[in-house]
Amino acid sequence: MSGGEPDTKGGRKGIAVAALLLTASVVALLRPAPAFSQETELRGEVSESAILADQQRKARQLRAQGSLDQAAPAAQAAVDQTPANPYEPASPGAVPDGEGATASVFDQPQATDDPFADDQVAARPRRPSTARQRAAYASTKSDTKATDKKKAKKKPSQTSTAKAAARDDQADTAAADEDGANRRAVTIDSVDRQKLDPGAERTGSIEGQKVNPEDDPFAAPGIKVGTFVFRPTLEQGFTATSNADASSGGTSAVLSETALRFTATSDWRENSAVIDGYGIFRNTLSGQKINDAQGRIEGQFNVDLDNELRAVAKLGYEAVPESASSPDAIAGVTSQPLRQTVDGSLGVEKDLGKMRYTLTGAVTHDFFGDAKLSDGTIVSQKDRDSTLYSATLRTGYQVSPAITPFAEVEAGRRIFDLRLDSNGYERSSTRLGARVGLELDMDDKLSGEFSVGWLREAIDDDRLPANAGPYVNADLKWSPERGTIIGLTGRTTIESTTTAGASGDVLYSGRLTGERQVRANLTANSALGLDWRDYTGSDGHDLILSAEAGLTWWLNRYAGLTTRVRTEKLTSNLAGRDYVANSVYLGLKVQR
């Protein structure tokens, strides 16, 4: 049937089309497609370093965004055209995990060229695990940096803000990458072995520091009293002597002796003041009866005025019983009269170039107590009370800072409280003197002064000759070596008297002292004395020789044991004046 052929051909074509479609569907179903798990495998594991790097990157992008918004459009375009990382991984969709990485593991995955993948992402590759891969990666990275530098030179329109943001991004990403690589290698022991910051290292203890030794570790530390440093010393001991009162008729005795000494030095920024004092008390324990006390206190005040002008003021008080060997001593008394002295002076010093001028005024008042005889009779000594007024002018020339020769003249007047003494003599007198000397100032080596001259006191009563004679004065300190001090003192004194027909005498006194610090806690001292008394109007004279040696052993800074031996001998051409006195002392000294 001609009508049935078209129907048969149409059916065959439909079957062929259906078979072709079916075959295409089967082939499409059998074709392998990449699984999502494989893409996750290629992206690599999520590490803590990657998380930290991502957070730092986003923070930098936020900080840099504000600066980039203000940059020129040309600079922004140059930054966008700069390749982030030229590295091309072998695996499809993989990017390096390192300095050149620009994508985060939290970014949305991007589609690939696979036509069968509806939602394909660009996976992050694993970090190179072998040495060869790391070396290849480092080489590729260096080539990339070189390429970036060349491109940067060719694009000078890029702004400094964009460059700084790019450098910070690379540096922080590299630091995070390195931290992730070394995180597993860090242990507690490795942290302990890390070198400390030099500023955090411990310093040595205070006890271990080097301390300079003290010049005198057993010197008195002193007590702060207001603006003065007060250094008291108390000495208590016993004296065994062959002549208790140092007289021609003296006998042996054992005495208790107490001595109190002190020094107070000012602690002022300008000017200075010094106060010295002592007191000695003696009482008999056995033998000849002795009960006396003596002491002195004196102060000196130095003031610096304007125009190289200085003022020096002194004031002192002394109380000493009359010595039994004195020419005015009274025989047959239970106790000698007490002699008290109040003295003061005021001096003004002026420097004009190398010339030195000093004008000093002084006042000395002596008054005596009553003498008590063995029978109870009281003998007044008021006719011996007197006051000496004097003025001294010194002129010196400073040859060098260490040597200053000088010359001085003195004028004064001694006035007795009673115009006539008990024997009817006028004892007031006029005083004149002149001398030359040398002042030395070689710091601690040698210091002080000495002078020689002539001194005269003419008594108002014509029946009495004037007291006159050579004048010698010295006060020197010499230190030949450290720990040794040698001192020399000399003094000339005119002693008045109320003895009938006598004018008095001139007394020359000299002392040579030595002090040696044998050890830090052991000090030795010695003294030699020579006194010469020349009686006015006669050939009478006295010679007194003395020697003394002592040791002080300090137990600590505050206490020490002290001992000394002393001998004294007086030889006179006047009857009844010779004597010898030897003594030994042992005591305890306490200082603060």
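**Close-up views of a predicted model**

**View 1. The hairpin of strands 19 and 20 in the predicted model.** Ala-527 faces Glu-548, which belongs to strand 20. Strand 19 covers residues 522-535 and strand 20 covers residues 541-554; the two pair in the antiparallel sense through 13 bridges. Five residues separate the two strands of this hairpin. In the turn, Gly-537 has a positive phi of about 85°.

**View 2. The hairpin of strands 20 and 21.** Strand 20 also pairs with strand 21 (residues 559-572), in the antiparallel sense and over 13 bridges. Four residues lie between these two strands. Trp-554 has Gly-560 of strand 21 as its bridge partner.

View 3. Strand 10 (residues 371-373) is joined to strand 11 by two bridges. Ala-371 is found opposite Val-379 of strand 11.

**View 4. A cluster of rings formed by Phe-228, Trp-268 and Phe-301.** The whole structure contains three aromatic pairs. One of them joins Phe-228 and Trp-268 edge-to-face, with 5.6 Å centre to centre and 75° between the planes. Phe-228 belongs to strand 2 (residues 228-241), whereas Trp-268 is in the loop between strand 3 (253-266) and strand 4 (272-287), so this pair ties together parts 40 residues apart in sequence. Trp-268 also pairs with Phe-301: the ring centres are 5.9 Å apart and the planes stand at 85°, so this pair too is edge-to-face. Phe-301 lies in strand 5 (residues 291-304), and its pair with Trp-268 links parts of the chain that are 33 residues apart. Trp-268 counts as partly exposed, at 32% relative accessibility. Phe-301 is likewise partly exposed, at 36%.

**View 5. Arginine charges over aromatic rings.** The charged end of Arg-394 is placed over the ring of Phe-406, 3.7 Å from the ring centre. Arg-564 lies over the face of Tyr-585, and here the distance to the ring centre is 4.1 Å.

**View 6. Two stretches with pLDDT under 50.** The protein as a whole has a mean pLDDT of 77, and 66% of its residues reach 70 or more.

Definitions and conventions:
Residues are numbered from 1 along each chain as its sequence is written. This is a predicted model: local features need pLDDT of at least 70, side-chain atom pairs count only at pLDDT 80 or more; totals for chains, interfaces and linings use all residues. Side-chain values use heavy atoms; hydrogens and water are left out. Two strands pair if DSSP finds at least two bridges between them. pLDDT is the predictor's confidence in each residue, from 0 to 100. Contact means heavy atoms within 4.5 Å. Rings of Phe, Tyr and Trp (its six-membered ring) pair if their centres lie within 6.5 Å; planes under 30 degrees apart count as stacked, over 60 as edge-to-face and the rest as tilted. Buried means under 20% relative accessible area, exposed over 50%, partly exposed in between (1.4 Å probe, protein chains only). A charge sits over a ring if NZ of Lys or CZ of Arg is within 6 Å of the ring centre and within 35 degrees of the ring normal.
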